[in-house]
Amino acid sequence: DRRIHELLDGEQYTIARAVLLGVMAAQASGLAATTKPRVVIAGGGVVGTATAYYLAKDHGVGATVVDRVGVAAAASGRAGGFLARHWNDGSPTEALTHASFDLHETLAADLKATVGAEVDYRRLRCEAVAVGGGAFAGRPSNAKLRNVEWVDAGKVVGHQQMGGEDAIAQVHPRKLCEALMAAATKLAGASFVTATAEGLSMSSETTTNGLRVDDGVLLEADAVILAMGPWTHVAGLPKAKTQCGLGGFGLALPPVVGTKYHAVLLQSPTVLSQAVFFQGRGDVEVYPRPDGEVYCTAYPEPAAIVEDLPGETAVLDSVCDKILGAVRDLSEGLREAPINAKQACHLPSVPDGAPLIGAIPGLANGFAAVGHGCWGILLAPATGKSLADAVVRAVGPSPLKQDTTTPAEGVVDLRPFDPSRFVRGR
């Protein structure tokens, strides 16, 4: 679609795009005889692409992934990619977190072997550093903190290790999403179409027969998965209402809000291997990457219904400048580091704070996967693997023989995240 747009303009592009959507609809409708379920996924972020990957890898199912902008166009392309195995212990996501953290390492190796993609997975150390409030008076000391590789002493009042390489890691989110989609395509013929999801087509009160996209085009499916991040909110709105110009789907889903985070990406002169969470000065979080890039984020906004269209999140220089000022005050080594990018994204959540993963109430073959908050990148592999397993069990036989009583390794019990928990009386 993007290549066509580059080559054609105006009416030619409109016609060509309509033809492309028609071809994708034909692919999704399964004109060739097959026993594999036809799955359409709305959302090209990390959850959508991870689900497409595991549908392909574990079940031989080539899903159709739909996104208004492209792969990793929103938070999944702008997140930090920090992974922590034990930080959700004692919460409803503990088992999901452990399984997903462990999957990340094998996933990185599998993606490299399958499509030759590097997703910049590596183990890290992590430190919490408390700093004094207010602006720093002058330059911080050049003295580095003991056990902290790059933070200057300055107004530091204390620090504590938050995890070692046995339980802390990172990945590059955008590279991960692109590799997942490429691998799903290679393994099972998954396809991607740039289009706006406009609603479900219903063959009965409890069964959807596909996803409607631009101009009413129907992508026929045996199962539809909604993984649209904070824009999944539109799915729970009445059809007469809209969110940022997108019409409601009228489904039994709770509100989905987004917490907006800004980030500044700097290029360090040296490659660092330690993430730092500052307490004070906006609570800046700093994640160094293996190519020397350093991801810095802070000053989140209150959670709210997202009004920006996907791919059009406004970036405020005033917030980025505060992040930049704090980081450069705290680290001599980053004071002159060039800026690679300024960006912003919305992290999705639902009212009780736990993810929403599973069958949409009232639908036999409609599913949702949203609300992972700041842990979307961390939780995506186990979410995608477990949801892929649930979808195939619900709508058709897998071409791979499997034990139907014992979950496959990495598949997690999704009942704590059942969307029906928000339905009154359940």
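This report describes the fold of a predicted model, from the whole chain down to single elements.

## Basis

The model is predicted: local features need pLDDT of at least 70, side-chain atom pairs count only at pLDDT 80 or more, and totals for chains, interfaces and linings use all residues. Residues are numbered from 1 along each chain as its sequence is written, and side-chain values use heavy atoms, with hydrogens and water left out.

## Overall composition

The protein chain holds seven helices and 21 strands; helices (H or I, at least four residues) and strands (E, at least two) are DSSP runs, numbered from the N terminus. Of its 426 residues, 55% are buried, where buried means under 20% relative accessible area with a 1.4 Å probe, protein chains only.

The accessible surface is about 17600 Å², and carbon and sulfur atoms account for 52% of that; areas come from the Shrake-Rupley method with a 1.4 Å probe. Among contacts (heavy atoms within 4.5 Å) between residues at least 6 apart in sequence, 71% join residues at least 24 apart.

## The six-strand sheet

An open sheet of mixed pairing has the strand order E8-E2-E1-E12-E21-E20; two strands pair if DSSP finds at least two bridges between them. E8 and strand E20 (356-359) are the edges, each with a single partner strand, so one side of each has no neighbour in the sheet. Neighbouring strands are turned by 20° against each other on average, direction ignored. E2 and E8 run parallel and are joined by four bridges; threonine 64 has serine 191 in E8 as its bridge partner.

Helix H3 lies across strand E1 (39-42), E2, E12 and strand E21 (366-370), and runs at about 160° to E1. Helix H7 also packs on the sheet, touching E1, E12, E20 and E21, with its direction at about 175° to that of E21. For these angles, axes are lines fitted to C-alpha atoms, for helices over the stretch in contact, and values run from 0 to 180 degrees between N-to-C directions.

## Helix H5

Helix H5 (residues 173-188) has 16 residues and should span 22 Å at 1.5 Å a residue; its end C-alpha atoms are 22 Å apart, which agrees. The expected span is 1.5 Å times one less than the number of residues. Its buried residues include Pro173, Leu176, Cys177 and Leu180. The buried residues pack against helix H3 (46-59), strand E2 (64-67), helix H4 (94-115), strand E8 (191-194) and helix H7 (376-395). Just after H5, glycine 189 takes a positive phi of about 75°.

## Helix H6

Helix H6 (residues 317-330) reaches 20 Å from its first C-alpha to its last, close to the 20 Å expected for its 14 residues. Val319, Cys320, Ile323, Leu324, Ala326, Val327 and Leu330 are its buried residues.

## Tryptophan 231

Tryptophan 231 sits in the loop between strand E12 (223-226) and strand E13 (242-243). At 7% relative accessibility, tryptophan 231 counts as buried. Leaving aside neighbours within four places in sequence, its contacts include Ala74, Gln243, Leu246, Val306 and Pro310. Valine 306 is 75 residues away along the chain, with a C-alpha separation from tryptophan 231 of 7.1 Å.

Note on methods:
Buried < 20%, exposed > 50% of the residue type's maximum accessible area, 1.4 Å probe, protein only.
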